[in-house]
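Q: Hey, can we go through this structure together? I'd like to start with the core and then look at some rings.

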Amino acid sequence: MVCVGLINVQLFDHDRDVLRVNNPPVSPAIECLLPTAELRQQRVSEASELAALLEATAVGDQSAFALLYDRTSSRVYGMALRVLRDVNLAEDTTQEVFLQVWRSASNYNALQGAPLAWLMTIAHRRAVDRVRSEQSGSDRESVYGAVMQDSVHDIVLESVTQRLESEAVTTCLKTLTEAQWESVQLAYYRGLTYREVAENLDVALPTIKSRIRDGLTKLKTCLGVSL
Amino acid sequence: MSIEEDSSVLDLAESYALDAIATDERIFIDRALLGLDVTTQEAFAQTVRQIQETMALLSSADSVEPAPELRSKVLSGLVDVIPATVGDTAEVIELGSRRKVWWRALGTVAAAVVLIAGGVVVGNNFQREPAQTAQSRSQLQSVEMPGGGSANLMISHADNTAYLVMSGIADPAPGTVYQMWLIPDQGALVSAGIMTSDDVGTTTRATLNDIGPYSSLGFSVEPMGGSAQPSAPPFVQIPLL
């Protein structure tokens, strides 16, 4: 595979602070095509499985819901932990997210996207709402190091899809400039608004907007997302 | 809160998708969108969708296994809450009065497109044992289709219903349809509906009711309009266990 040499980057280093992010320079070799056919197949397959589970969940099937939890909880929890930087808050949020999924699985509409995107959108919104309401900033900062160092060892890639996807993500993140990834991270993983990102970095608003836009466009293209 | 004169709402679609918009500005954008032409609205929605898909993929690289206790907590928390039907707001009702929702008649097929990626499905490599809960008589069956693609059947014995989601299957040959059959241990097969090439999308879904008496779901190729009995033995069978 063309991209193999590029895959071993420390994306899993949750301890990396967004303000100290140190992406390697963009390599021309990154032009290689991602995702692979195998990954695309896995995505379709997983999407169809999760859609089946959501459909059964929508009519109250607890087993289907439990299976859905098993398939997706590490991604919801991992994201929540990264945003909230606190085990208890991340657990609370994960629980809220799955309760919301249980209640509103019938709202999922395949025409509007993949089940995982539906789920992670709900989850991220919850996490961001939570982090903003908890925003007594320094509290979160202080627990961050300890929590994150521990959690690095707990990372589990539950499925082939997740492993392949994780490798693709690692590779694709290198297509972003350091400044682009910094802005995206502050927004997505810190829960800052784009205005706050601009203030935080002391950079003009239009610049931040285009960093976020251009960075995400690269990421989207590299990961082969096209609807 | 106001948006700068020089910035179009469309420029904020990415930030919107990242939830990187303050609540009041989000409301402002939602309102502003209503006043824009359909093309711009769709462009905005498409960007938001794509970025949400993209960020969802990132979650694979961030995944951290939660404590096992969280699983029990989440599952035991379901007891008091029933799923809402479409359009309902969340509500809390005792399980005893749970409503059953049959939103599709036997055999009707709704073609739906999962927009993330095209291509043919090769199968599932990450099957787990079904979770043990109160209603443990549910099962997810995944099979590869002979012509490519996969079929996932979530069988809910408690509801006497199976939910079929197929991905990446080929269109039936011109002039033919796929016909689904509920197959008993003994006796005649019962048609569970047909799928024309119009019904077969990237993802194809069907809800099968009253599966109780049957032991498997089969597929055959039939002439347009379907047949009373399969013209040849089903080319694939999925157990309804």
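This is a predicted model: local features need pLDDT of at least 70, side-chain atom pairs count only at pLDDT 80 or more; totals for chains, interfaces and linings use all residues.

Q: OK, how many residues are in the largest nonpolar core?

A: It has 94, and Leu223(A) and Leu18(B) have the most contacts inside it. A nonpolar core is a set of buried Ala, Val, Leu, Ile, Met, Phe, Trp, Tyr and Cys residues joined through side-chain atoms within 4.5 Å. Buried means under 20% relative accessible area, exposed over 50%, and partly exposed in between (1.4 Å probe, protein chains only).

Q: Which helix gives the most to this core?

A: Helix α2 (residues 62-84) of chain A, with 13 residues. Helices (H or I, at least four residues) and strands (E, at least two) are DSSP runs, numbered from the N terminus.

Q: And what is Leu18(B) in contact with?

A: Leaving aside neighbours within four places in sequence, its contacts include His124(A), Tyr188(A), Leu216(A) and Met55(B). Contact means heavy atoms within 4.5 Å.

Q: Switching topic: is Gln141(B) buried or exposed?

A: Buried, because its relative accessibility is 15%. Gln141(B) is found in strand β2 (residues 138-144) of chain B. Leu241(B) is 100 residues from Gln141(B) in sequence, with 8.5 Å between their C-alpha atoms.

Q: Now the rings. How many aromatic pairs are there over all chains?

A: Nine. Rings of Phe, Tyr and Trp (its six-membered ring) pair if their centres lie within 6.5 Å; planes under 30 degrees apart count as stacked, over 60 as edge-to-face and the rest as tilted.

Q: Why is the pair of Phe65(A) and Trp102(A) edge-to-face?

A: Because their planes are at 70 degrees, with the ring centres 5.2 Å apart. Phe65(A) lies in helix α2 and Trp102(A) in helix α3 (residues 87-104), both of chain A, so the pair ties together parts 37 residues apart in sequence.

Q: What lies over the face of Tyr189(A)?

A: Arg82(A), at 3.8 Å from the ring centre. A charge sits over a ring if NZ of Lys or CZ of Arg is within 6 Å of the ring centre and within 35 degrees of the ring normal.

Definitions and conventions
Residues are numbered from 1 along each chain as its sequence is written. Chains are lettered from A and ligands numbered from 1 in the order in which they are written. Side-chain values use heavy atoms; hydrogens and water are left out.
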